[in-house]
Each structure stands twice: as structure tokens, then as C-alpha cells.
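Q: I'd like to learn how to read a fold from its coordinates. Can we walk through one together?

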Amino acid sequence: MNKIILSGNLAADVRVGTVNEKTQVINGTLMVDNSYTKDGQRVEQSMAYPFAYFVETGKTGVAPHLTKGRTITIEGSLQRPEGNLASNGKTYHDVQVRVDEIELGRKPHAQEATERAANAAASA
């Protein structure tokens, strides 16, 4: 079984690309915080998980909500996409999450404040 569920914050706004006339892909990077104790000291680290969410063309409605700092939970499987050819001629392989589901969580604090101010101005 190849299944992974991760929760974290988006490192940047997602990018939407076109695979073919029927498929688009939403690409992004999820930052997941992890902590552990080593030699009695708490160690904090963040790990980056690139992801790809394939959708039917025109059904990228979630993309505008996937902005830097947004908390999300993704569920999917690990895959090894085509290797990237580096300038030194070597091919590097990364692992990414092929997303089946995205659950939106908290918006970044600055975005929430901006939306509250816009709503207050609109209702005044």
C-alpha cells in the first residue's frame, strides 16, 4: 500500500499548469514541521514535500485558495516523477506526493486580517 497523509503550510502560492487538453496540474510544496529530542535538546525542523494534484481542465477552483502560508492537509501516494537533468549532466530523481484529496485549513494570519478589513469596509 502506498498512502500518505500530510498536514502543514504551503511554502508558496501553488502553480497551475496544463498537462494536455483534458488535464491540468496544481503544483506546490507543503512544509511540515517535525520535532524530536536529541541528547536532551529539542530539535525543530521543517521538511518540504512537493506535490502534484491532477484535475480535469477547468476544475482548478481550489487553486486560488492555495496561497503561501495556508494550512492544508493532503492525502495521496508517493511517486517518483521523471528525473530532472541538471547542468552537470546528471539526472536527479525526487519523490513527490500525487494528491488525491486536499483539505483546506487555516489561512495565513495576514490574509485573514486583510479579508476581515475588506468585509468590514464592504458592510460599512
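Predicted model: local features only at pLDDT ≥ 70, side-chain atom pairs only at ≥ 80, totals over all residues.

Q: How many helices and strands does the protein have?
A: There is 1 helix, and there are 8 strands.

Q: How do I read strand pairing, say for strand 2 and strand 3?
A: Two strands pair if DSSP finds at least two bridges between them. Strand 2 (residues 15-20) and strand 3 (residues 23-38) run antiparallel, joined by 5 bridges. Take G17: its bridge partner in strand 3 is V25.

Q: Which way do strand 4 and strand 8 run, parallel or antiparallel?
A: Parallel, with 2 bridges joining them. On that side, F51 stands opposite V97 in strand 8. Strand 8 also pairs with strand 5, here in the antiparallel sense over 8 bridges.

Q: What about the nonpolar core: which residues touch the most other members?
A: The general idea is that in soluble globular proteins, nonpolar side chains tend to be buried together. A nonpolar core here is a set of buried Ala, Val, Leu, Ile, Met, Phe, Trp, Tyr and Cys residues joined through side-chain atoms within 4.5 Å. Buried means under 20% relative accessible area, exposed over 50%, and partly exposed in between (1.4 Å probe, protein chains only). The largest such core has 17 residues, and F51, I72 and I74 touch the most other members. Strand 1 (4-10), strand 3, strand 4, strand 5 and strand 8 (96-104) each give two or more residues to this core. Across the protein's 124 residues, 24% count as buried.

Q: Which residues is I72 in contact with, leaving aside its neighbours within four places in sequence?
A: Contact means heavy atoms within 4.5 Å. By that test, and with those neighbours left aside, the partners of I72 include L6, L10, L30, F51, L66, I102 and L104.

Q: And where does L78 lie?
A: L78 is in strand 5. Its relative accessible area is 39%, so L78 is partly exposed. Beyond its neighbours within four places in sequence, L78 is in contact with N2, I4, V95, Q96 and V97.

Q: Where is V62, and what is it in contact with once neighbours within four places are left aside?
A: V62 lies in the loop between strand 4 (41-56) and strand 5 (71-79). With those neighbours left aside, V62 is in contact with I26, Y53 and L104. V62 and I26 are 36 residues apart in sequence, yet 9.2 Å apart in space, C-alpha to C-alpha.

Q: Last one: what is phi of D39?
A: As background, most residues other than glycine have a negative phi, and most peptide bonds are trans. Phi of D39 is near 55 degrees, a positive value in a residue other than glycine. D39 sits in the loop between strand 3 and strand 4, and counts as exposed because its relative accessibility is 76%.

Key:
Residues numbered from 1 in each chain as written. Heavy atoms only, no water.
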